[in-house]
Amino acid sequence: MEVLRGIDGDAGTDVLASLADVSPELAHQVAAWGFGEVYARPALPPRERQLVTLGMLTALGGCEPQLRVHVNASLNVGLTPQEIVEALLHSAVYCGFPRALNATFAAKQVFAERGLLPVAPAAPAAPAAPAAPAA
């Protein structure tokens, strides 16, 4: 529960509470396994875990309620709105515009609720250095 609260805040505990009268076991597994076992692993910091989660939920499609929870979580662990928007834009290449659009609109709703609109465009990336010739 400590990991869940640290990442998702009230949104995570609200999800668990909403399961209490229908599937308390699912709520337990989300907290115990999802956050107690997987999210608590040290190999990836929470920021990177949230980027992976945003990409996966976008690719799955139809996960907009969970995307809103995880956009909030992404902000909670230090991702900026620009980084979130960039991750969702990047997902369009791999899972298509409809899913990237739906994810972006879910993110927009969270940004609006948190007073983070408009999102400033990300600065353009510096050109990549040419690769060194193989030896």
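1. A pocket here is an open set of points, on a 1 Å grid over the protein atoms alone, with protein on both sides within 12 Å along at least five of seven lines, and lining residues have an atom within 4 Å of a point. A volume is the space filled by probe spheres set on the points, with grid points joined across faces, edges and corners. On that basis, the second largest pocket holds about 200 Å³ of space.

2. Some housekeeping before going on. This is a predicted model, so to speak of local features takes pLDDT of at least 70 and side-chain atom pairs count only at pLDDT 80 or more, while totals for chains, interfaces and linings use all residues. Numbering runs from 1 along each chain as its sequence is written, and side-chain values use heavy atoms, with hydrogens and water left out.

3. Overall layout: the protein chain has 7 helices and 0 strands (DSSP runs, H or I of at least four residues for helices and E of at least two for strands, numbered from the N terminus). The pattern along the sequence reads α-α-α-α-α-α-α. Taken along the principal axes, the C-alpha atoms fill a box of roughly 60 × 40 × 25 Å.

4. Back to that second pocket. Its lining consists of Gln-82, Val-85, Glu-86, Thr-104, Lys-108, Phe-111, Leu-117, Val-119, Ala-120, Pro-121 and Ala-122. H6 and H7 each supply at least two of the lining residues. By type, the lining splits into 7 nonpolar, 2 polar and 2 charged (Ala, Val, Leu, Ile, Met, Phe, Trp, Tyr, Cys and Pro count as nonpolar, Asp, Glu, Lys and Arg as charged, and the others, Gly among them, as polar).

5. Now the H6/H7 pair. The axes of H6 (residues 81-95) and H7 (residues 97-113) come within 7 Å and cross at roughly 165 degrees (axes are lines fitted to C-alpha atoms, for helices over the stretch in contact, and angles run from 0 to 180 degrees between N-to-C directions). The two helices are therefore roughly antiparallel (angles over 145 degrees). From H6, the contact uses Pro-81, Ile-84, Val-85, Leu-88, Ser-91, Ala-92 and Cys-95, and from H7 it uses Phe-97, Arg-99, Ala-100, Ala-103, Thr-104, Ala-107 and Phe-111 (contact means heavy atoms within 4.5 Å). These residues divide into 11 nonpolar, 2 polar and 1 charged.

6. Pro-118 sits in the segment after H7, and Leu-117 is among the residues lining the second largest pocket.

7. H4 and H5 pack at about 160 degrees with axes 10 Å apart, and are therefore roughly antiparallel too. On the H4 side, Gln-50, Thr-53, Leu-54, Leu-57 and Thr-58 meet Gln-66, Leu-67, His-70, Val-71, Ala-73 and Ser-74 of H5. That contact has 5 nonpolar, 6 polar and no charged residues.

8. Finally, the largest pocket has a volume of about 780 Å³. It has 28 lining residues, of which Val-30, Phe-35, Leu-57, Gln-66 and His-70 are the closest to the centre. Helices H1 (2-8), H2 (10-18), H3 (24-39), H4 (46-60) and H5 (64-76) each supply at least two lining residues, and H3 gives the most, with 8. The lining divides into 17 nonpolar, 7 polar and 4 charged. Leu-57, Gln-66 and His-70 also turn up in the H4/H5 contact.

Definitions and conventions. Parallel < 35°, antiparallel > 145°, perpendicular 65-115°, else oblique. 1 Å grid on protein atoms, 1.4 Å probe; cavity = no way out; pocket = protein on both sides within 12 Å on 5 of 7 lines; lining within 4 Å.
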